[in-house]
Amino acid sequence: MLLVAMPTMPDPRFAHAVILLCAHNAEGAMGLVVNQTVENVTLPEVISQLGIEATSGSQELPVHCGGPVESSRGFVLHSPDYMLESTLLIDERFALTATVDVLKAIAQGGGPARKVFALGYAGWGAGQLDAEIQNNGWLVVPADVDIVFSRDNESKWHRALAKLGVDPSLLSTAAGHA
């Protein structure tokens with residue numbers, strides 16, 4: 001599922017954020033912001049810092065800010081056509097790999113067909129995400145491959161809201177409960 005930040009989101013790091021929820025259980029939740037990029041960091045720079053020799057494939061892939069937790073740790077959210085032992089299969093459309101092997105494959109022109117590279121992740125403790133949803137912090141939207149893997153980050157928030165039939169101009173900037 002996608003979490004779409006409401007205009008009332010109090011945390012500026014998540015303003016207009018679209019997050020693919022990767023895991024959610026009684027212990028907490030984890031997801032990746034898929035519509036915000038990191039300023040002044042490129043994937044070729046990350047790959048070079050890791051000592052990986054790049055032949056192709058990594059120049060055009062933006063570096064996303066996956067969230068504020070462990071912001072120096074890399075994650076590749078991708079299509080499940082590429083799987084390693086360490087890969088977490090989220091569902092039949094999405095997988096997550098957080099090892100250097102996936103970056104090596106991407107740097108050499110291989111790896112998954114569709115991918116988002118992110119530094120950091122968004123994390124919630126037990127019950128925290130559920131409380132934020134109940135307090136109108138997030139809308140829950142069915143996950144959409146085209147939204148998640150699109151390179152047009154500017155339109156992702158609007159497109160995710162449109163999946164629910166929500167016009168963002170009609171959303172209130174004040175939260176409340178009836």
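Guide: F75 counts as buried because its relative accessibility is 4%, where buried means under 20% relative accessible area, exposed over 50% and partly exposed in between (1.4 Å probe, protein chains only). Y121 counts as buried too, at 16% relative accessibility. This is a predicted model, in which local features need pLDDT of at least 70, side-chain atom pairs count only at pLDDT 80 or more, and totals for chains, interfaces and linings use all residues. Residues are numbered from 1 along each chain as its sequence is written, and side-chain values use heavy atoms, with hydrogens and water left out.

The structure holds 4 aromatic pairs; rings of Phe, Tyr and Trp (its six-membered ring) pair if their centres lie within 6.5 Å, and planes under 30 degrees apart count as stacked, over 60 as edge-to-face and the rest as tilted. One of them is F14 with W138, whose ring centres are 5.8 Å apart with the planes at 70°, so the pair is edge-to-face. This pair links distant parts of the chain, 124 residues apart: F14 lies in the loop between strand 1 and strand 2, and W138 in strand 9 (residues 138-141). Strands (E, at least two residues) are DSSP runs, numbered from the N terminus. F14 and W138 are both buried.

F75 and Y121 also form an edge-to-face pair, at 5.6 Å centre to centre and 75° between the planes. F75 is in strand 5 (residues 69-78) and Y121 in strand 8 (residues 115-125), 46 residues apart.

Note on methods: Helix = DSSP H or I, 4+ residues; strand = E, 2+ residues; numbered from the N terminus.
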